[in-house]
Amino acid sequence: MLKLENVSGGYPGNPVLKHVSFAVQKGELFGILGPNGSGKTTLLKMLSGILPYQKGSILVKNRSVRHYTAKELAQLMAVLPQISPQNFSYTVKEVVALGRYPHQKGLLHAWGEEDEAVIQRVMKQTHVKAFENHSIRELSGGEQQRVYLAQALAQEPELLLLDEPTNHLDLSFQKGLFDLLKQWTVQKKLTVISIFHDLNLAGLYCDRLLLLQNGEVQVDARPDEVLKEARVKNVYRTEVKKMPHPKVPAPQMLLLPERDSSEDRVLDETFLDIQEDWIAYQAPFQLRTLYSGVMGAGTGWYQSFVNRHVNQDEPRDDLKKEMTLFLHKNGFEPSDTVGVMSSAFPEDVSCHLYKRDGFSLFVVVTAAAGSAVGASGGEEHALSGTTWLFIHGELSEEAFIQSMITATETKVNALRDSGIMGKTAIEGRLAGHVLVAATQKGKKIGFTDPITPLVKLISQGVEACTREALQKSRRREV
């Protein structure tokens, strides 16, 4: 659909673009990225024929843009600029209707039924139909942006050029716009080339991305290849973290703000509170967590961690609701709390702090000697105990997962060696819920194979704390 070969140019005395080459296929949604001043808007102006280029070639449907008349190019291509002027007080419908001009014929450019049908359709699609008779000057910036988008769509182009089209649009209209454009690329084979400042929006919707820096192409590839942490950091000069989108296979880049130096501290018994019917660990700041329990399951950031003692034989219909009421009653904020119910008594808790060069581990374990299942037991008691790991260090995703696996395996083995758990299919769950919480400050801890210091400490700490908790439980039951 469009092809650039070795294109250079810009403004007099300022050659913004240098040796730019890429191709866009029919039906693609193609994104252009780059920091301010990298040449994104200049490139779009060259593609549309507004700005001449000095070297190379730009072909649209295998024909140079220089060989098209203005009207011929307008029948193929529509452009939505970053800022549209409002010098005249046209109505919304009149502004949208200007998009039909390239398709009207004759000296008087007669208005036909097809023109009216197209105008009505695009006004509905862009949600501007309700104020079609209002002056464009009466509208907000976001509403005006949607009107000019409708004007571009009214041209019924084969190629649509957009310069930051989500400018002034709220979240719902950003999503609605790109849902519509993506649908048209598939159903109508519309080719869309858009400039983005929002890397996540680009990664979510684009088939391919072009990254510019100082007027030169850094990379032209699929979003997952373009949006790499090191590359984005180098081009945009800022710290980011790449994460997968939770619902679709698309990369998402997260900004990393500077954190308070007070968060760079060891997590120890100072923050542990043991009461008659609950144990709480209230960290001095929010921790990154991976958890398998009642409230706060999965990954998140939490500051309070509560283990409530309950009678395992007492029936419960809604654990989350009951836990929420309990937290409110005792002064905890549920949205900032990891919560679990356990049959282990708070007084039987065992905890130890372990320090190594650059990181530390604080282990908290509860276990009830009488609530696990023996070799012949057929009943599952999932509330038998908990294991909490509080780590001062920066854990990778692999380290979080391996830490949880190591803690679970170690506790299962400790319970089995103590003679209160047999080899059952559900013994991993019988070991109780496991929490891994990290400051994400200090030493970086990557992939944790069985010989790394962190895994060794977890095995050592969980085993020692489980045995001590079981001893306390047995002494209390005697």
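Reader: How much space lies in the largest pocket?

Author: This is a predicted model, in which local features need pLDDT of at least 70 and side-chain atom pairs count only at pLDDT 80 or more, while totals for chains, interfaces and linings use all residues. Residues are numbered from 1 along each chain as its sequence is written, and side-chain values use heavy atoms, with hydrogens and water left out. On a 1 Å grid over the protein atoms alone, a pocket is an open set of points where a 1.4 Å probe fits, with protein on both sides within 12 Å along at least five of seven lines; the volume is the space filled by probe spheres set on the points, which are joined across faces, edges and corners. For the largest pocket this space is about 940 Å³.

Reader: Which residues lining the largest pocket are the closest to its centre?

Author: A lining residue has an atom within 4 Å of a point. Of the 26 residues that qualify, the closest to the centre are Val 240, Lys 241, Leu 256, Glu 394 and Gln 440.

Reader: In what order do the strands of the four-stranded open sheet stand?

Author: Strands are DSSP runs of E with at least two residues, and helices are runs of H or I with at least four, each numbered from the N terminus. Two strands pair if DSSP finds at least two bridges between them. S2 (14–24) and S5 (63–64) each have a single partner strand, so they stand at the edges. The pairing is antiparallel, and the order is S2-S1-S4-S5.

Reader: Which residue of S4 is the bridge partner of Glu 5?

Author: S1 (residues 2–11) and S4 (residues 55–60) pair in the antiparallel sense over five bridges. In S4, the partner of Glu 5 is Ser 57.

Reader: What is the order of the six-stranded open sheet?

Author: Its edge strands are S6 (77–80) and S10 (216–221), each pairing on one side only. Within this sheet of mixed pairing, the order is S6-S7-S8-S3-S9-S10.

Reader: Which residue of S9 is the bridge partner of Ile 32?

Author: S3 (residues 29–33) and S9 (residues 208–213) run parallel and are joined by four bridges. The partner of Ile 32 in S9 is Leu 210.

Reader: How many disulfides are there?

Author: A disulfide is a pair of cysteine sulfur atoms within 2.5 Å. The sulfur of Cys 351 is 6.8 Å from the closest cysteine sulfur, that of Cys 465, which is too far for a bond. By this rule the number of disulfides is zero.
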